[in-house]
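This report describes how parts of one protein model pack together. Please look at the sequence and the structure below before reading on.

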Amino acid sequence: KQWYQRRVAITAGGKPRLTKFFTYFPEEEQQQIIRETFLLLSKREDSVCNFLEGGKLIGGSDFRLVYRHYATLYFVFCVDSSESELGILDLIQVFVETLDRCFENVCELDLIFHMDKVHYILQEIVMGGMVVETNQTEILTHIEAQQRIEKQEAGMGGAPARALSAAKSIAPNVNLPKLSDLQNLSLSTFKKM
């Protein structure tokens with residue numbers, strides 16, 4: 001059983017780019033935890049190990065911060081002291097490599113402009129504080145399937161046909177216009193009415 005209290009990606013400048021708390025904390029307390037986490041990490045040399053005891057807000061010696069520093073980002077998990085720090089480092093590596101594959105050399109801007117996709121990727125790995133998948137191939141398969149669904153739903157070319165088909169299945173006796181008639185409509189047609 002693996003349980004993660006919180007997860008955060010923080011820039012080297014201290015700005016949170018991705019936060020996920022699996023335990024409820026009021027917004028103000030979340031911000032304090034993020035600040036404290038950054039202060040603890042930013043004081044550390046790159047040559048020291050990637051785990052440290054949590055600060056006062058984080059839970060003290062009962063919790064550990066496990067992190068990796070990549071370029072301008074810190075990826076941090078806060079876990080209880082019974083967890084394997086090396087296992088968490090591996091989990092962070094899987095998450096970052098998956099982001100890298102999805103965004104083709106992930107950078108801070110990807111986290112900012114594709115927040116929904118980043119959260120979706122995180123949910124494929126950790127959900128409700130529990131690890132659900134660590135196999136990168138499986139994670140990528142699910143992400144690609146989600147992207148195909150999104151493309152199908154976003155395809156406006158087929159939307160009128162799907163709408164008419166759905167309407168016909170709901171009310172088969174209703175006389176609906178032909179699709180070719182709908183394609184000739186324009187905004188000016190409605191203004192004249």
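## Contact of α2 with α5

On the α2 side, V94, E97, T98, R101 and C102 meet Q136, I139, L140 and I143 of α5, where contact means heavy atoms within 4.5 Å. By class, this contact of α2 with α5 has 5 nonpolar, 2 polar and 2 charged residues. Ala, Val, Leu, Ile, Met, Phe, Trp, Tyr, Cys and Pro count as nonpolar, Asp, Glu, Lys and Arg as charged, and the others, Gly among them, as polar.

The model is predicted: local features need pLDDT of at least 70, side-chain atom pairs count only at pLDDT 80 or more, and totals for chains, interfaces and linings use all residues. Residues are numbered from 1 along each chain as its sequence is written, and side-chain values use heavy atoms, with hydrogens and water left out.

## Geometry of α2 and α5

Two packed helices are described by the angle between their axes and the distance between the axes. Helix α2 covers residues 85-103 and helix α5 residues 136-154; they pack at an angle of about 45°, with their axes 10 Å apart. Axes are lines fitted to C-alpha atoms, for helices over the stretch in contact, and angles run from 0 to 180 degrees between N-to-C directions. The helices α2 and α5 are therefore oblique to each other; angles under 35 degrees count as roughly parallel, over 145 as roughly antiparallel, 65 to 115 as roughly perpendicular and the rest as oblique.

The crossing of α2 and α5 is right-handed. A crossing is right-handed if the near helix is turned clockwise from the far one by less than a right angle, and left-handed if anticlockwise.

Is Q136 buried or exposed? With a relative accessible area of 18%, Q136 is buried; the term means under 20% relative accessible area, with exposed over 50% and partly exposed in between (1.4 Å probe, protein chains only). Q136 lies in helix α5 and touches V94, E97, T98 and R101, not counting residues up to four places away in sequence.

## Contact of α4 with α5

Helix α4 (residues 115-125) packs against α5 at an angle of about 140°, with the axes 10 Å apart. That makes α4 oblique to α5. The contact of α4 with α5 divides into 5 nonpolar, 3 polar and 2 charged residues.

α4 passes α5 in a right-handed crossing. K117, Y120, I121, E124 and I125 in α4 meet I139, H142, I143, Q146 and Q147 in α5.

## Aromatic pairs

The whole structure has 4 aromatic pairs. Rings of Phe, Tyr and Trp (its six-membered ring) pair if their centres lie within 6.5 Å; planes under 30 degrees apart count as stacked, over 60 as edge-to-face and the rest as tilted. F21 and F25 form an edge-to-face pair, 5.8 Å centre to centre with 65° between the planes. Both F21 and F25 are buried. Y70, F75 and F95 form one aromatic cluster.

## L41 and the chain overall

L41 is found in helix α1 (residues 27-42) and counts as buried at 1% relative accessibility. L41 touches L52, Y67, Y74 and V76, not counting residues up to four places away in sequence. The C-alpha atoms of L41 and L65 are separated by 9.0 Å, while the two residues are 24 residues apart along the chain.

The protein chain has 8 helices and 7 strands; helices (H or I, at least four residues) and strands (E, at least two) are DSSP runs, numbered from the N terminus. Buried residues make up 33% of its 193 residues.
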